[in-house]
Amino acid sequence: MDYKQLAADIYEKVGGAKNIQHVTHCATRLRFTLADSKKADAEGIKQLRGVTGLVEGNGQFQVIIGPDVSSVYAQLPGTGTAEETAEKQQSVISRLLDFIAGCFTPMIAIVAAGGMLQVLLSLLQLSGLLAKTDDTYLVLYQVSQAAFFFIPVFLGNSVAKRLKIDPFLGSFIGAIFVMPGLTELISQKGGISLLGLAIPNVSYNASVLPVLLSIWLMSYVYKFADKILPNSVKFILRPLISVIVITPFALLLLGPLGVMIGNYVAEFLNYLTNNFGPLAVLFMGAFAQLLVMTGMHTTLTPILLTSLATYGYDNLIVPGMLLGLAAETAICLAAGIKAKDTEFKQLSFSSAITALMGVSEPALYGVTLRLKKPIIGMILGGAAGGLYFGLMNINTTVIIASFVALPSYSNVLHAVIGSLITFAIAFGYTWIMVKDADFPNANIPSDQTAEKKEQKAAPLKQVATETMIEAPLSGTVIPLSETNDQAFSSLALGKGLAIKPTDNTIVAPFSGTVSAVFPGNHAIGLTSDSGVELLIHIGIDTVNMQGESFVREVNEGDHIHSGQKLLRFDSQKIGDAGYEDTVMITVTNTSDYLDVIPATDSKQVSANDQFLAVF
């Protein structure tokens, strides 16, 4: 089966990204939550090779695939698994840039709104329409600051999602860094200690590196706790352990380390300014946006304020940031013109406008980091413009970099020329180096999508004797056709039987290997030593319980023997949650054999009784 093609076909026929609100999978089917199920081409999906059925109910649009469902799910755009496979083939730098872009992209709207509000306030102030002391100005300025002050909270949520742990726990860790009461304790005279160690007195407002480092480390703690804790206490103890373990590292080591790195950058720039003049602006122009990317630009504020207080102008921070905006504008325009994907075009052009106005984050995270190659053009262009600015001694009296504030520069003509130098280099580099295949959602050549060759049917396995499958648990035997699950009752997933359980333990029905384990532990795939592929599925729609009441005793790849415990479940909790606890047992490779028939006429079976015969 061509998993990639099937995933692409299903994705298109359910309505694509605009119609998909959420997608997950269970042991046999893709489960879509759609914005409008009427937009899905149900009949078209049923006709796809690899799709064995379709079920609509419980607010979900369920595409029945069978035991290969996880492989199809992995190829769906946006599920992460396919992207992770591709990422492993990239360099460490590329993977890091993808990670950072993925973390910041969801925050673009917040940062853009806050930044543009600050630009608007600056324009109103410069025009004399609104004074800094006006109540309206004061209120709106605080509103704009919320977008940046709480970046650790927003970023914590986004990073946690990217690392596949609880996103609200990520927000929790981010909030620790900006918690007013804690900030006050840390900054008080004499400071405060944690576990006998003094907490460094640093500010984390708008910080990035401390959050990235802390949640990265917490992801390991979270996943380890998830692995070792029993389900009954996991909900409570997993977040508690994560927070308790990571807090000392965050406040005593990782947070201060992130701020320290930024401070070293500030000291280096100060050294360049005092000793080499134009080289400082060259460095600032080249790396301004990389400082923004890591949040270290906030550590440059003391240099900016000192320069304004001493000389009445700034010839380093704001001019360098202006060149970064010129580079981002150029990259976005070039990308927008070249891109074929409509959504990416719109993102590029809108990001170019916000960059001109003084907000570069949408351009940086949404375009430059996603394409990667323009980063070199951004650095080269910023360096050339910075050298020109330094030689011309360009300075400004404002504290916000924006092209609307060009009149405030000491020499507007030279400021424009320097910005155009940066723009031309960044635009040219992007135009030449970024190819069509580098853009997100690059069009796949039609000859590839049309390539659907018929595969020859696999020959029947030559089995000399029948293979006996034992009952995996005790209970009442039910024909699959009488179960309330279309995928199993239609035999689309293979022949077999079902059992209404009288106990709560699934045991191995033969000797073999655990071939698949499924999220939530409500199902397991087994392969016998003779090649029989068996799916044991506990309950109907129990995937929605997200693992509650299910405990797995084995792992994928384990060799098992007949009678060995595989899974445990709680029928009472399954019933209380509104689901059936019927256990379906199917031979998923039925087509490889002549037939699969019941091995008993009894309505009652005990675990390890003869159950199914495969021959």
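Q: How do you know that the end-to-end distance of helix H8 agrees with its number of residues?
A: Helix H8 runs over residues 151–162, so at 1.5 Å a residue its 12 residues should span 16 Å. The end C-alpha atoms are 16 Å apart, which agrees. Bear in mind that this is a predicted model.

Q: What makes H8 count as mostly covered?
A: Buried means under 20% relative accessible area, and 9 of the 12 residues in H8 are buried. Those are Ile151, Pro152, Val153, Leu155, Gly156, Asn157, Ser158, Val159 and Ala160. Just after H8, Lys164 has a positive phi of about 65 degrees.

Q: Why is Thr430 called buried?
A: The cut-off for buried is under 20% relative accessible area. Thr430 has 1% relative accessibility, so it counts as buried. Thr430 sits in helix H19, residues 412–433.

Q: What does Thr430 contact, leaving aside its neighbours within four places in sequence?
A: Contact means heavy atoms within 4.5 Å, and by that rule Thr430 touches Ile331, Ala334, Ala335 and Pro374.

Q: Which residues have the most contacts inside the largest nonpolar core?
A: That core has 87 residues, and the ones with the most contacts inside it are Leu155, Ile215 and Met284. H15 gives the most to this core, with 12 residues. Apart from it lies another core, of 33 residues, including Ala471 and Leu526.

Q: What does Ile215 touch, not counting residues up to four places away in sequence?
A: The list is Gly156, Val159, Ala160, Leu163, Ile165, Gly170 and Ile173. Of these, Gly156, Val159 and Ala160 are among the buried residues of H8.

Q: How much space lies in the second largest pocket, and what is closest to its centre?
A: About 1,300 Å³ of space lies there. The lining has 46 residues, and the closest to the centre are Gln118, Gln145, Ile399, Ile400 and Ala401.

Q: What makes up the lining of the second largest pocket, by class?
A: There are 30 nonpolar, 14 polar and 2 charged residues. H6 gives the most, with 9 residues. Helices that each supply at least two residues include H6 (108–126), H7 (135–149) and H17 (361–371).

Terms used. Residues numbered from 1 in each chain as written. Predicted model: local features only at pLDDT ≥ 70, side-chain atom pairs only at ≥ 80, totals over all residues. Heavy atoms only, no water. Helix = DSSP H or I, 4+ residues; strand = E, 2+ residues; numbered from the N terminus. Expected span 1.5 Å × (residues − 1). Buried < 20%, exposed > 50% of the residue type's maximum accessible area, 1.4 Å probe, protein only. 1 Å grid on protein atoms, 1.4 Å probe; cavity = no way out; pocket = protein on both sides within 12 Å on 5 of 7 lines; lining within 4 Å. Points joined across faces, edges and corners; volume = space filled by probe spheres on them. Nonpolar A, V, L, I, M, F, W, Y, C, P; charged D, E, K, R; others polar. Core = buried A, V, L, I, M, F, W, Y, C linked by side-chain atoms within 4.5 Å.
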